[in-house]
Amino acid sequence: MSDSSPLPPVRLHPETELARDALSTPLLSRAARLARWAGPDTRVDAGGVLVDEQLPAAAEVLGLSGDDAAAYASEAWRVAVDTGLIEVVDEETGTVAAGEDLALLTGGSPHDVLSVWLGALETVLADASVPDLDDLADAMDAGGEADLASLDWDPEAEAEFLDGVLGNLYLLTVTEDGPGAGPVPLPALAASMIVPSDMGEPTDDVLEQVSDAMMRLDDQFRLLEPVGLVEYQPVDEALMADTEEEPAAPVDDTDVSRYGMVRLTPLGLYGLRARLLESGFEAPAVGDLGDKGADALLDRTATFPPAAAQAETEQWLARREPLAAARELLAAARGLDAGAPLRRLLCQQALSLVGDEAEPALREVLDDPELGGLARVWLTERGASDVPVPSEDLVFWLTVDTVAAQLAAEGNSDELQGLVEGLAQQHSGFFTAAWRVDHPATADVLEAMGRLHPDKRIAKEARKAAFKARSQQGN
């Protein structure tokens, strides 16, 4: 994933909801309970880790039992220390006290709560990149040092791999033609990091790498679920059983969910976006432009998928009086630069969401050579009376502007090809007149029409008209 181009915009839940979600996550709620439980008699070692003798009491406070109770309590304690919910008062004596950030969980703003949760997330992500503890113990030499080479473990590469997987999961979630809030099969995520995009049939070696990556991700997502980043359905244990053993019950080999399913939670989307922003990515969120001008709205939503662009525009309009908003949009849509046609198209789409109160603003620009066409369209669609009939020059100018905007928005799409065919069919002398249109994009539009029209004769007419337009413009 490159940080040079903006990611698709994400739709985040309100911070009040996300903060409630954060407080209810198993890991942060456990960390908070331990921070309130810790007192003058609580002791930690030099690294701030709760001493072994007190782990049973900590587990009991958390209502944990079983073989993993001490491990879960230790993890919650570490998160409490890392996030500032617990402060080590004296390293020599190992005494602790409640940290300043503990009060933020009850008395702070939603943003304060989410900041604490983001700290917990960083701790868990760091843990998720560490090898299995049993493997780590086996790699310890007599001097107590870990032989990382024997583990085949590169800390930076491991963290980078997990970041890449989470980045791909984020993209799948926010892309409009992706699964959205639905779960993603674990094999697909693993393959997105392993299988080259130009590879046809994966080799046995690549498939083995994908399988290994799945097992690593299975462990990692199990760790990431308690902090609220994901909802995870683990890999079916039967898949990892001895192949010579008879399965306890019939299994469906075509059921992809048996191989693990994962989805980002609303809180997880918030957390990953925060990490992407911190890493220098442009990761917009719907609603970011609410306090910006119409020029920023039209410029930024030009790269948004349609549904996200409409949602952003609706939020922008909701914060403004309709007539003033319409005037601001129209002013921002003016221009003869390369981006102006698309700005006018987005302006027209935004104005379709504004009520009849905007009518005076549209009537004010009826004589404007750049805006008069879209003003007539808006007024006619609203059933307004006394809408002036456009001149032939204005009709052709608006046509070129519209095709130029569609080219900028969609490229050579099927919809644009249909528009081109319709124009040529409706106006038998279209190309004879079109090359004379005084619009900066005239030649480019005619070239595109020649490229897109399936009829060779008409395509040739379009290319000739484009040549005349360039000659007229002196290009």
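Let's call a residue buried when its relative accessible area is under 20%, exposed when over 50%, and partly exposed in between (1.4 Å probe, protein chains only). You're looking at a predicted model, where local features need pLDDT of at least 70, side-chain atom pairs count only at pLDDT 80 or more, and totals for chains, interfaces and linings use all residues. Residues are numbered from 1 along each chain as its sequence is written, and side-chain values use heavy atoms, leaving out hydrogens and water.

Now switch to cartoon view. The protein has 23 helices and 5 strands; these are DSSP runs (helices H or I, at least four residues; strands E, at least two), numbered from the N terminus.

Next, select residues 110–128, helix α6, and 266–278, helix α12. They pack at an angle of about 80°, with axes 11 Å apart. That makes α6 roughly perpendicular to α12, a label for angles of 65 to 115 degrees. Show side chains here: Trp-117 and Leu-121 are among the α6 residues meeting α12, whose partners include Tyr-270 and Ala-274. A contact means heavy atoms within 4.5 Å.

Time for the inside. A nonpolar core is a set of buried Ala, Val, Leu, Ile, Met, Phe, Trp, Tyr and Cys residues joined through side-chain atoms within 4.5 Å. The largest one has 72 residues, and Leu-85, Tyr-170, Phe-221, Leu-229 and Val-230 have the most contacts inside it. Helix α6 gives the largest share of this core, 9 residues.

Last stop: select Ala-332, Leu-346, Ala-361 and Leu-362, which are among the 31 residues of another core, apart from the largest one.

Conventions: Axes fitted to C-alpha atoms, helices over the stretch in contact; angles between N-to-C directions. Parallel < 35°, antiparallel > 145°, perpendicular 65-115°, else oblique.
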